[in-house]
Amino acid sequence: METRFESVQVVRDGLKKVHYLADEGIAGVVFLAQRLGKPVLVEGPAGTGKTQLAKSVAELLGARLIRLQCYEGLDESKALYEWNYKKQLLRIQADKNSDSWSDVHEDIFSEEFLLTRPLLEAISSEEPVVLLIDEVDRVEVETEALLLEVLSEYQVSIPELGTITAKQIPMVFLTSNNTRELSEALKRRCLYLHVDYPDLEREKEIVLTKVPDISQNLADQIARIVRSIRQLDLKKSPSVSETLDWARTLMLLGIEHIDAQDAKETLHVLLKYQTDIAKAAKELSVEK
Amino acid sequence: MPVLDLMSGFIVELRNAGLPVSLTENLDAMQAVKEIPIEDREAFKYALGATLVKSNSHWRAFETIFEVYFSLRGPEYDISQDPNATEEEMWRKMQEQKPGEGKGSSGGSMDSLTPEEIAAMLMNALMNGDQAMMRALARQSVQRFAGMEPGRPVGGTYYLYRTLRNLDLDNMLDKLMQANRDRAQDELTALEERLEKDEYSSRIEQFKQEVEAEIRRRLVADRGAEAMAKTLRKPLPEDVEFMHASRDEMQSLKKALYPLTRKLAARLARKRRHGRKGPLDFRNTIRHSMAYGGVPADPKFKYPRPAKPELMVIADISGSVAAFARFTLMLVYAIQGQFSKVRSFVFIDGIDEVTSYFKSTEDIGEAIHRVNTEADVVWVDGHSDYGHAFEVFWERHGKDITSKTTVLLLGDARNNYHAAQSWVVKEIQKRARHVYWLNPEPRSYWNTGDSIVGEYGAYTDGVYECRNLRQLEGFVEKLA
C-alpha cells in the first residue's frame with residue numbers, strides 16, 4: 001500500500017481527521033494490522049462504530065471500500081466468484097460450428113466470463129482497497145472456511161483458472177456482533193480488537209465532532225447521562241449511534257440544559273425496550 | 001532480561017491461566033513486538049492483546065498477567081528509582097493547595113503528612129478529578145498504610161483492605177456528595193445529583209485501581225513476576241465453580257451469562273434448521289435452475305419445523321446449591337424462546353411453582369429475586385428434603401407431564417437422610433420424554449455422605465456434572 005503509517009499516533013491523528021475518534025487500542029491495532037499485513041477481527045456490542053472504523057480507515061487511506069455483508073446462507077457464488085452462465089451459453093450458441101470444442105472450453109472459462117464477488121474483487125483490485133466483511137458471525141461455521149484462504153494467503157483458487165494472488169495486500173476488517181463463537185481457525189488468522197462503549201471523555205468528543213453546533217455543556221451532560229444509564233442493568237445499553245441520535249434530537253428540540261423532565265420525554269431515542277425506559281426513568285429522577 | 005525470554009515466560013503464564021494461545025499467535029505476538037517499542041506501554045499492551053487474546057472475556061486475565069510481567073519495565077513504572085522530580089513538583093502543588101495550615105515544619109516530603117491530611121488531600125483530588133494527584137496519593141497511602149513487609153506471605157487483597165480502611169474510602173462518596181451540596185449555590189436536582197454521584201464513584205473506583213496497581217508493583221518487586229502471577233491466577237469466568245464463587249466472581253459470572261445466552265439461542269435456532277431436509281421446494285428449485293439454463297440441477301428442499309420441547313425445571317434452592325439453581329433458571333429463561341413452554345418449580349423441603357414470577361416481568365433478575373424472597377419452599381425445618389418435595393410435586397403436577405415434556409432436576413441430592421421417594425422420579429420418567437439430573441458437585445463427591453444422586457439417577461436419562469458455566473452451556477445446547 002502506498003501510504004504506510006509511521007506510528008500509532010499518526011494513525012490516531014489521521015482517523016481523527018476523518019472524524020473517527022480512536023482510542024489507544026483501536027489505533028494500535030489498525031497500525032499493527034497494516035504492519036503485519038493481517039486482517040482485524042473487530043468485536044463488540046452493536047452500534048459502537050465497528051463498521052465505521054473500516055469506512056474511516058478507507059477514507060484515511062484514500063482506498064476503495066469493498067463490503068461483503070454476511071448473512072445465513074452466504075455461499076461462494078456470492079462471496080468469491082461465479083461463472084456468468086448466461087454469457088457462457090450465449091458464447092456457445094453464437095458460433096456453433098466454427099470453433100473446435102477445446103477452443104470453446106478454453107474460452108468460456110476465461111476471466112471474461114467470471115463474475116467477481118467482493119472477496120475476489122478485493123484481491124484482484126489494482127488500486128488500494130479496504131475489505132470489510134460485515135457481521136461475519138451470521139454465516140455458518142462451514143462457510144467461514146471460505147474466508148480462510150483469502151485471509152491468510154490473500155489469494156483465491158478457482159479450479160478452472162488457477163490461483164489468483166493479490167496484487168497488493170488489502171486491509172481487511174471483519175466485524176462480529178458476537179452472536180456465536182467464531183472458529184479457532186478464523187480467529188487465529190486475525191488480530192483481535194474489542195471495541196467497547198467509549199469512556200466519558202471520548203464519548204463527549206464523539207458527540208462534539210459528529211453533531212455540529214452542539215455546545216460543550218450539553219455534550220458533557222449527554223455523555224454523563226449516557227454513562228449513568230449504561231451502568232444500569234438493562235436489556236440493551238444505549239450505543240454510541242443512539243447517543244448521537246439523542247444529541248441530535250435534543251438539538252432539534254432546542255434544549256440547552258437537560259433536566260429530568262426532558263430526559264424522561266426523550267429517553268425512547270436512547271433505549272428501545274419499554275422495560276428499559278421505565279427502569280432508566282425511575283433511576284434518573286430518583287428522589288434522594 | 002531480553003524481550004524474547006520475557007515473552008516466552010509471559011506466554012507460559014497465559015497458558016497456565018487457561019488462555020488458549022496457539023503457536024501462530026505466539027509468532028504473531030513476536031512480530032508485533034518488533035513493530036511497537038516496549039517503552040510505549042499502552043500500545044505494547046494492546047499489541048500483545050490483539051495478537052494473543054481472541055475473546056473479550058479473557059481480557060481481564062490477560063491484563064492482570066500483563067501488569068505483573070511488565071510492571072517493572074519502562075521508566076515510569078520502576079519503583080526503585082521513583083521519578084523524584086515529578087514527586088517533588090507534586091509536593092509543591094500540594095503545599096499550595098493546603099491553605100491556612102501554614103506549617104513550615106513539613107520538610108518538603110510527603111512522609112510528614114498526617115493520615116488526616118492525606119485523607120483531606122485525597123478528597124480534594126477526587127473532587128477536582130486531579131489524576132496526577134490521585135496517582136501520587138495512591139502511592140503514598142500504600143507506602144504508609146498497607147504495612148507491607150518483604151517476604152511476608154500475605155495476598156494483595158489484605159494490603160488493599162488495609163490501605164482502603166485507613167483512608168476511610170467507604171464513606172468517601174457520602175462525604176464528597178455532602179461537600180458538593182455545600183459548594184453548590186442552588187439546590188441540585190435529583191438528576192444532577194445522580195450524575196455527580198456516578199462521576200465521583202467512577203473517580204473513587206479509579207483511585208482504588210491505582211492503589212491495587214501500586215500494591216501489585218510492590219509485590220512483584222518483592223517476590224518476582226513468576227511467583228506473583230501464580231498467586232494472582234484466577235479461573236476464567238466460564239470455569240468458576242458455582243458452589244464456591246465469591247461475590248466478585250458471581251458478578252463476573254452474571255456478566256458472562258448474558259452474551260452466552262444470546263450465543264446459545266442463535267446456535268440452537270440454527271441447529272434446529274440445519275441439516276434436515278424436507279420435501280422438494282418446487283418454486284425455489286425453479287428459481288435456482290436459471291443459473292443452469294433452466295435445468296433444475298440444484299434441487300432445493302423445504303425445511304421442516306420440528307416441534308420445540310416443553311421444559312419443566314425442578315430446582316433445589318437450599319443454601320449450598322442456590323447459586324447454581326439461580327444460574328440455571330436464568331439461563332433457561334433467557335433462552336425460553338427455544339422451548340414451547342417453560343415451567344419452573346423450586347423446593348427446599350416444600351415445593352412451590354414459580355413460573356408466574358417469570359411471566360409477570362421481562363426482567364429475569366427481578367424474577368429471580370422474587371423466587372428467593374417470596375417462594376413458599378419451607379415445609380418443616382428448611383433443610384433439603386428431596387423425597388417430600390418430589391412427592392408433593394407428583395401429587396399436584398404429575399398429570400401435567402406429557403410425552404413432549406423434558407424434566408430437569410437440579411440439585412446435589414443431599415437429602416439429609418430423609419426418605420428418598422425415588423419412585424416419583426421413576427414415574428416421571430415413564431411419562432416424560434426425558435428426565436435429566438444436573439448436579440453442581442464434583443463427580444467424586446457423588447453418593448458420599450447423605451448424597452443419594454445415584455439412587456435418583458438410576459431413573460433418569462442421565463446425570464450431568466454442572467460445576468461451571470462451560471458445563472452448563474454444553475448441557476443446555478444438547479437439550480434443545
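Visitor: How many residues of chain B are in contact with chain A?

Guide: Two residues are in contact if their C-beta atoms, placed from the backbone, lie within 7 Å. Here 36 residues of chain B are in contact with 36 residues of chain A. A word on the source: this is a predicted model, in which local features need pLDDT of at least 70, side-chain atom pairs count only at pLDDT 80 or more, and totals for chains, interfaces and linings use all residues. Residues are numbered from 1 along each chain as its sequence is written, while chains are lettered from A and ligands numbered from 1 in the order in which they are written.

Visitor: Which elements give two or more residues to the side of chain B that touches chain A?

Guide: Helices (H or I, at least four residues) and strands (E, at least two) are DSSP runs, numbered from the N terminus. On chain B, helix H2 (23-35), helix H3 (41-52), helix H10 (190-223) and helix H12 (247-273) each give two or more residues to the side that touches chain A. H10(B) gives the most, with seven residues.

Visitor: How do the residues on that side of chain B divide by class?

Guide: Ala, Val, Leu, Ile, Met, Phe, Trp, Tyr, Cys and Pro count as nonpolar, Asp, Glu, Lys and Arg as charged, and the others, Gly among them, as polar. The side of chain B that touches chain A has 14 nonpolar, eight polar and 14 charged residues.

Visitor: At what angle do H2(A) and H3(B) pack?

Guide: Two packed helices are described by the angle between their axes and the distance between the axes. Axes are lines fitted to C-alpha atoms, for helices over the stretch in contact, and angles run from 0 to 180 degrees between N-to-C directions. H2(A) and H3(B) pack at about 60 degrees, and their axes are 9 Å apart. From H2(A), the contact uses A:Glu24, A:Gly25, A:Gly28, A:Val29 and A:Leu32, and from H3(B) it uses B:Glu42, B:Ala43, B:Tyr46, B:Ala47 and B:Ala50. By class, this contact has six nonpolar, two polar and two charged residues.

Visitor: What is the strand order in the open sheet of chain A?

Guide: Strands of a sheet pair through backbone hydrogen bonds, either parallel or antiparallel. Two strands count as paired if DSSP finds at least two bridges between them. In chain A, five strands have the order E2-E5-E8-E1-E9, with parallel pairing. Strand E2 (64-69) and strand E9 (191-194) of chain A are the edge strands, each pairing on one side only. Strand E1 (residues 40-43) of chain A pairs with E9(A) over four bridges, and A:Glu43 stands opposite A:His194 in E9(A). Helix H2 (residues 24-36) of chain A packs on this sheet, touching E1, strand E8 (171-176) and E9 of chain A, and its direction makes about 165 degrees with that of E9(A).

Visitor: And in chain B, which strands stand at the edges of the sheet?

Guide: The open sheet of chain B has six strands in the order E3-E2-E1-E4-E5-E6, with mixed pairing. Strand E3 (351-353) and strand E6 (463-465) of chain B stand at the edges with a single partner strand each, so one side of each has no neighbour in the sheet. Neighbouring strands of this sheet are turned by 20 degrees against each other on average, direction ignored. Strand E2 (residues 341-347) of chain B runs antiparallel to E3(B), joined by three bridges; B:Phe345 has B:Glu353 in E3(B) as its bridge partner.
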